[in-house]
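Subject: Structure for your files, with notes

Dear colleague,

My notes follow below it.

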Amino acid sequence: MADIEDFRRLIAGDHGLVVVSTLRDNGTIASSVVNAGVLPHPLTGETVVGMVFRGGIRKLGHLRKRPYANVVIRSGWQWAAAEGRTELAGPDDPMDGIDAERLRLLLREIFTAAGGTHDDFDAYDRVMREERRTAVFVHPDRVYANPGQ
């Protein structure tokens, strides 16, 4: 049986690149590639998969209507998937307990959990603010991986 640590171990293998899938209004699947990391939820401490999405994208609309996602990570021939309900925290998706300053730091935390580094976090913060970036959390109700993981 796989767990979230199997997912976390693969993050360094390819810069935290994952395929995230959500459901469109018509029931078809929408997938894209983003960076993700594993970190504690900012309010509960529960281990979650965190991602950062640009404001205004369709995928955020999907998650607002159907807050559930599947996230798959791979490194070489190893892969793991985490799926579960989602939560959003951002300028267009306020979360009780997350103010603008906490959101600024949270976007950095997700970025570094995905293996990201930055020479100028002030510039990073400015871009995140200008692009209305949103933190996306997947609560991993189910984690599975290929045999031998």
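Which residues are buried in helix α4 (residues 121–130)? They are Ala123, Tyr124, Asp125 and Met128, where buried means under 20% relative accessible area, exposed over 50% and partly exposed in between, with a 1.4 Å probe and protein chains only.

Some ground rules before the rest. This is a predicted model, in which local features need pLDDT of at least 70 and side-chain atom pairs count only at pLDDT 80 or more, while totals for chains, interfaces and linings use all residues. Residues are numbered from 1 along each chain as its sequence is written, and side-chain values use heavy atoms, with hydrogens and water left out. Helices (H or I, at least four residues) and strands (E, at least two) are DSSP runs numbered from the N terminus.

Helix α4

The cover over the buried residues of α4 includes β3 and α3 (100–113). Arg104, Leu107, Arg108, Phe111 and Thr112 of α3 meet Phe121, Asp122, Tyr124, Asp125 and Met128 of α4; contact here means heavy atoms within 4.5 Å. The two helix axes come within 10 Å and cross at roughly 110 degrees. Axes are lines fitted to C-alpha atoms, for helices over the stretch in contact, and angles run from 0 to 180 degrees between N-to-C directions. α3 and α4 are therefore roughly perpendicular to each other (under 35 degrees counts as roughly parallel, over 145 as roughly antiparallel, 65 to 115 as roughly perpendicular, the rest as oblique).

At the start of α4, a side-chain oxygen of Asp120 reaches to within 3.2 Å of the backbone nitrogen of Asp122. In the loop between α4 and β6 lies Arg132, which has a positive phi of about 50 degrees although it is not a glycine. Arg132 is partly exposed, at a relative accessible area of 37%.

Strands

Strand β6 (residues 134–138) has five of its five residues buried. Thr134, Val136 and Val138 are on one side, and Ala135 and Phe137 on the other. β6 runs antiparallel to strand β3 (residues 47–53), with five bridges between them, and Met51 has Val136 as its bridge partner. Four bridges join β6 to strand β5 (residues 78–89), also antiparallel, and there Ala89 is partnered by Ala135. Two strands pair if DSSP finds at least two bridges between them.

β1 is joined to β4 by four bridges, antiparallel, with Ser21 opposite Asn70.

Cores

A nonpolar core is a set of buried Ala, Val, Leu, Ile, Met, Phe, Trp, Tyr and Cys residues joined through side-chain atoms within 4.5 Å. The largest has 24 residues, of which Phe7, Val18, Val49, Met51, Phe53 and Val71 touch the most other members. Elements that each supply at least two residues of this core include α1 (4–9), β1 (17–23), β2 (29–40) and α2 (58–65). A second, separate core of 14 residues includes Leu39, Ala89, Ile98 and Phe137.

His15 has a positive phi of about 60 degrees although it is not a glycine, and at 60% relative accessibility it counts as exposed.

Regards

How values were computed:
A polar contact is a pair of N or O atoms within 3.5 Å; within protein, one must be able to donate a hydrogen and the other to accept it, and residues adjacent in sequence count only if both atoms are side-chain atoms.
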